[in-house]
Amino acid sequence: MMMMTDARKKKPTMPSGFQSFSPRILPQTKRFTRWISPLRTSLSNTSCFRSVPSCSIETNQGKILDGKAIAKQIRKELEEKVNALYQYYAMRPGLAVVLVGNRKDSQTYVRNKGRFAKEVGLESFTHHLPESVTETSLLEVIDKLNEDPRVHGILVQLPLPGHISTEKVLQRIDVSKDVDGFHAENVGRLCTLKREPGFIPCTPQGCLELLDRYNIPIQGKHAVVLGRSNIVGIPTAMLLLRRNATVQICHSYTENLPTEVSKADILVAAIGKPEWVSGNWLKPNSVVIDVGINAVQDANSSRGYRLVGDVRWEEAYPRVGFITPVPGGVGPMTIAMLLKNTVKAFENRIKNN
Ligand SMILES: Nc1nc(=O)c2c([nH]1)NC[C@@H]1CN(c3ccc(C(=O)N[C@@H](CCC(=O)O)C(=O)O)cc3)C=[N+]21
């Protein structure tokens, strides 16, 4: 609340769009003091995390890293920023999402992205192309979006159908609109230390943001990343490395996986295999970020399936210091970071004009 009052006071002289958003250290509130104690207890025995993780917004208590609640908070912060930018520039950041084909999961994600974009006051443009679209036509759509001044961020939903070169498509997106951070220039920036990163991929950025919002220390910790995808594993490892963690990437050829996992103070599971990681592999009191969002059949669910992570929740929860749930963990953070990147793209455009 204090932060909000401050921001309002400064508004007449400078739109809050120019101030860095994302206050890391939030003012103490009554709510904060009321429930910090369980966190303090849960981590005081944690040898590898000496400083006390905390978070001052209303989140699930205990050991859960509540991505859903943090993402909501971030959207609120973005909404305030977008409103301030609109007051000043009479323009809104625009996000274009390109969807090819009819994959059910992709359609759901794209719908959510559009819904949340509108919620924070962004312009949202969705281009739904048939599965049979040619690579040339898709590239033409991207060229148009690259030139469209209302569009500040472009996301091409992956995976693309097999007849289209993902690489060609991603490289065609204007680097300044590449809010997914998949263009080679943005990848190169992220992977070169001491170079300012451009756009950081949304899921990895969401994982780090979650750790930061709970004040979980990263420097010097042993971080194990399970999975080496270009979208999650590699960029997450790079982000952790940039924050001075000791980083280890494990993959399908890794020998003695349980032993490797047991070294992790911070484990990021991004292998996309339902409930692959057993609880007894985990270092006691470690922090687990479960990126997996796997649909498994469930006759008791109205959808016919339920979502599970890469980690066996029931076994892991009693053992860990902190863990992200699935759903409600990394997923909502991914979308929040997409919105954040789009606002950043808009601000960059303004600065460079
Ligand atoms: N160019 C591109 N960029 C992406 O960022 C991208 C992509 N392609 N292709 C697919 C993956 C997947 N992804 C998700 C985002 C949010 C949730 C999410 O919010 N999940 C909810 C549950 C949603 C539900 O109930 O179905 C949750 O975890 O709580 C999930 C998955 C982004 N992806």
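What is the handedness of the crossing of helix 4 and helix 12? In this predicted model, the crossing of these two helices is right-handed. Helix 4 spans residues 104-119 and helix 12 spans residues 330-352, and the two pack with their axes 10 Å apart, at an angle of about 55°. Helix 4 and helix 12 are therefore oblique to each other. On the side of helix 4, the contact involves Asn112, Lys113, Phe116 and Ala117, which meet Ile335, Leu338 and Leu339 of helix 12. Sorted by class, the residues of this contact comprise five nonpolar, one polar and one charged.

Helix 12 also packs against helix 8, which covers residues 202-213, and here the two axes come within 8 Å and cross at roughly 105°. An angle of 65 to 115 degrees counts as roughly perpendicular, and helix 8 is therefore placed in that class relative to helix 12. From helix 8, the residues that make the contact are Cys202, Thr203, Gln205, Gly206, Cys207, Glu209 and Leu210, while helix 12 contributes Val330, Met333, Thr334, Ala336, Met337, Leu338 and Asn341. Eight of the residues in the contact of helix 8 with helix 12 are nonpolar, five are polar and one is charged.

The surroundings of the ligand were examined next. The ligand is surrounded by 18 residues, and the closest are Leu158, Pro327, Gly328, Gly331 and Thr334. The elements that supply two or more residues to this shell are helix 4, strand 3 (153-156) and helix 12, and the largest share, four residues, comes from helix 12. By class, the shell consists of 11 nonpolar residues, six polar residues and one charged residue. The domain assignment of the chain gives domain 1 (89-191) and domain 2 (202-331), whose C-alpha centres lie 27 Å apart. Because domain 1 and domain 2 both give residues to the shell, the ligand lies between them.

The bond from leucine 158 to proline 159 is cis, with omega near 0°, and proline 159 is found in the loop between strand 3 and helix 6 (166-172). A cis peptide bond likewise joins valine 326 to proline 327, with omega at about -5°, and proline 327 is situated in the loop between strand 10 (322-323) and helix 12.

A further backbone feature concerns lysine 194, which has a positive phi of about 70° although it is not a glycine. Lysine 194 is placed in the loop between helix 7 (184-191) and helix 8.

Note on methods: Residues are numbered from 1 along each chain as its sequence is written. This is a predicted model: local features need pLDDT of at least 70, side-chain atom pairs count only at pLDDT 80 or more; totals for chains, interfaces and linings use all residues. A residue is near a molecule or strand if its C-beta atom, placed from the backbone, lies within 6 Å of it. Ala, Val, Leu, Ile, Met, Phe, Trp, Tyr, Cys and Pro count as nonpolar, Asp, Glu, Lys and Arg as charged, and the others, Gly among them, as polar. Domain bounds come from an automatic or database domain assignment. Axes are lines fitted to C-alpha atoms, for helices over the stretch in contact, and angles run from 0 to 180 degrees between N-to-C directions. Angles under 35 degrees count as roughly parallel, over 145 as roughly antiparallel, 65 to 115 as roughly perpendicular and the rest as oblique. A crossing is left-handed if the near helix is turned anticlockwise from the far one by less than a right angle, and right-handed if clockwise. Two residues are in contact if their C-beta atoms, placed from the backbone, lie within 7 Å.
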